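Thanks for coming, everyone. Please have the sequence and the structure open while I talk.

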Amino acid sequence: MAISMGKGSVGVLTGVFIASLAVVVAVLLLRTYNLPELKVAWKGKGAPRIELEEDEREQLYEALKAFPRLFNSSLVEYELVGEYSHLFNVQGSDNSLLPYMLIAHLDVVPATPEGWDLPPFSGEEKEGYIYGRGSLDDKNRVIGILQGLEFLFKRGYKPRRSFYIGLGHDEEIGGRHGAKEIVKTLETRNVKLEFLLDEGFEVLDGVIYGTKRPIALIGVTEKGTITLNLTVHSPPGHSSMPPRESRIGILSAALSRLEQDQMPNRFGKGPEGAMFEQLADEFYFPLNIVMANLWLFGPLVSRILQRTPSGNALVRTTTALTIFNAGIKSNVIPQTARATVNFRIHPAETVNEVLKAMNTTIMDDRVIPSSDVPFFDPPSISPHDEETFGYQTVKRSITDVFLVEPVAPGVSIGNTASIYKFRALVIKDEDLSRFHGINERISKEGIETVVQFYFQLIQNSDTDIVPVQSHLEL
Ligand SMILES: CC/C=C\C/C=C\C/C=C\C/C=C\C/C=C\C/C=C\CCC(=O)O
Ligand SMILES: N[C@@H](Cc1ccccc1)C(=O)O
Ligand SMILES: [Zn+2]
Ligand SMILES: [Zn+2]
């Protein structure tokens, strides 16, 4: 039985030529910032830790047997990390090759049935689509990776290059126990990686206005992020004697200023400009000319982009008010009003710049900011030239599966703190609202494609040479 419950023994890999991507990931996931001169308290309190009961552990292992070949293969070492996250090491035949890593997350954001055509946790099917929270984000990739490998084993495939699979359980709240513990585990074993692939971008069909055909984007960087709680405190009292300004009033005014006074449009100051330039030929006339000449048309394009939520996300640091809480009784002046604001930081800006701008906009000492989830500056750009094995292997796997789409590097608007970001799904404009929204769903062909993608990726990772694009360059 290849399932080992404790720490599996992973051979120490001694690749010397390539920088440790694991360390990069660790840095992205672990770093915290000092927030000088700004009133931000790092709280960092997590929920109380609980241990799994023995019968729960049994139940968990039963469920995992859904992939019999994977769990019975002598090539696979499996362990539970951070209590609910899963780490697999698939042993390749050639130890001179650096391993790679595929990661995905099991957790989802909440959903209530309101507005859904089918209940969000039913997994029910309608007209060829399976509905459910997580079907796009990110369970299709969990299933795709595991099932892709399962089917490869079924065909007798023995990987040449070793690889890891990491399935986190708390990504949507920052990955503190899952991804972070997985990184720590790999670090203590001195594991170095050739590349790492997570979620982040897709094959975009009609999402980018004016494009002629679907375009696959591989995320090579992403926006920075910070989430702040804004709190206004003061003693409660009887509603018959209200203070001139209430906590709710003070906080609402601050939030309204934040929403009105968005961060500036920075289009072209980050890598998003290059993304459009590279894709210029993919646009219909005259947009192809426009995109190829952003030095001239940049300001025009930036104004057009900011009109839609997804385009706007590309051109500026976004300010999203996501939680608002105050009051418990209709005749009691509340003691506390509290709101949460989630910023996604444009690559040309930093956490500190955003905090400074926010303080200037709010201009009210009674509004106290604090943060209890990870935050980071926009990360550096992962290599994606002709020589980069990881990028080229992902790219080739995309063209193998989707056949004709152009593939280009992009800036992911969601946060993943990873090296390369791609979901093997075709996304249309109308699908954007399904992420963290209602009627999240995946087509049956879609889930098949995801499995095929990992099927290809695992095999392509075992080839010798940096794959050369044949059928696709324009
Ligand atoms: C004109 C618009 C130009 C380009 C469009 C840019 C961005 C929109 C394209 C694709 C976005 C697709 C999905 C966004 C949703 C999620 C972000 C990805 C990962 C976040 C991680 C997570 O929430 O678990
Ligand atoms: N990936 C999720 C949750 C997350 C946010 C911020 C940092 C890390 C993870 C998102 O982009 O919304
Ligand atoms: Zn996700
Ligand atoms: Zn998500």
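Start with the spacing of the zinc donors. Along the chain, the donors of the zinc ion (ligand 3) follow the pattern H-x31-D-x61-E. Keep in mind that this is a predicted model. Which atoms do the donating? They are His105 (NE2), Asp137 (OD), Glu199 (OE) and Glu199 (OE). These donors lie 1.9 to 2.3 Å from the zinc ion (ligand 3).

There is a partner ion here. The zinc ion (ligand 4) is 3.5 Å apart from the zinc ion (ligand 3). Aspartate 137 coordinates both. Now look at where the pair of residues comes from. Histidine 105 is in strand E4 (residues 100-105), and aspartate 137 is in the loop between strand E6 (129-131) and H4. The two are 32 residues apart, and the pair links distant parts of the chain.

Stay with histidine 105. Is histidine 105 buried or exposed? Its relative accessible area is 2%, and buried means under 20%, so histidine 105 counts as buried. Aspartate 137 is buried too.

Who are the neighbours? Leaving out residues up to four places away in sequence, histidine 105 touches Asp137, Asp138, Lys139, Val142, Gly168, Glu171, Glu172 and Glu199. Now try lysine 126. Lysine 126 is 21 residues from histidine 105 along the chain, and their C-alpha atoms are separated by 25 Å.

Step back to the whole protein. It has 13 helices and 20 strands. There are 474 residues, and 51% of them count as buried. Take the contacts with a separation of 6 or more: residues 24 or more positions apart account for 82% of them.

Pair one is helix H4 (residues 139-154) with helix H13 (residues 444-460). Their axes come within 8 Å and cross at roughly 55 degrees. That angle makes H4 oblique to H13. The crossing is right-handed. From H4, the contact residues include Ile143, Gly144, Gly148 and Phe151. From H13, they include Val450, Tyr454 and Ile458. By class, this contact has 11 nonpolar, five polar and one charged residues.

Pair two brings H13 back, now with helix H12 (residues 389-402). Here the axes are 9 Å apart, at an angle of about 135 degrees. H12 and H13 are therefore oblique to each other. This crossing is right-handed as well. On the H12 side, find Phe389, Val394, Ile398 and Phe402, among others. On the H13 side, the residues include Gln452, Phe453, Gln456 and Leu457. The contact of H12 with H13 divides into seven nonpolar, six polar and two charged residues.

The contact is made by Ala254, Arg257 and Leu258 of H6, with Met358, Thr361 and Ile362 of H11. That gives four nonpolar, one polar and one charged.

Find aspartate 137, which coordinates both zinc ions. Then find histidine 105, in strand E4.

Terms used: Residues are numbered from 1 along each chain as its sequence is written. Chains are lettered from A and ligands numbered from 1 in the order in which they are written. This is a predicted model: local features need pLDDT of at least 70, side-chain atom pairs count only at pLDDT 80 or more; totals for chains, interfaces and linings use all residues. Side-chain values use heavy atoms; hydrogens and water are left out. Axes are lines fitted to C-alpha atoms, for helices over the stretch in contact, and angles run from 0 to 180 degrees between N-to-C directions. Helices (H or I, at least four residues) and strands (E, at least two) are DSSP runs, numbered from the N terminus. Angles under 35 degrees count as roughly parallel, over 145 as roughly antiparallel, 65 to 115 as roughly perpendicular and the rest as oblique. A crossing is left-handed if the near helix is turned anticlockwise from the far one by less than a right angle, and right-handed if clockwise. Contact means heavy atoms within 4.5 Å. Ala, Val, Leu, Ile, Met, Phe, Trp, Tyr, Cys and Pro count as nonpolar, Asp, Glu, Lys and Arg as charged, and the others, Gly among them, as polar. Donors are N, O and S atoms within 2.8 Å of the metal (3.2 Å for Na, K and Ca); water is not among the atoms, so sites may look incomplete. Buried means under 20% relative accessible area, exposed over 50%, partly exposed in between (1.4 Å probe, protein chains only).
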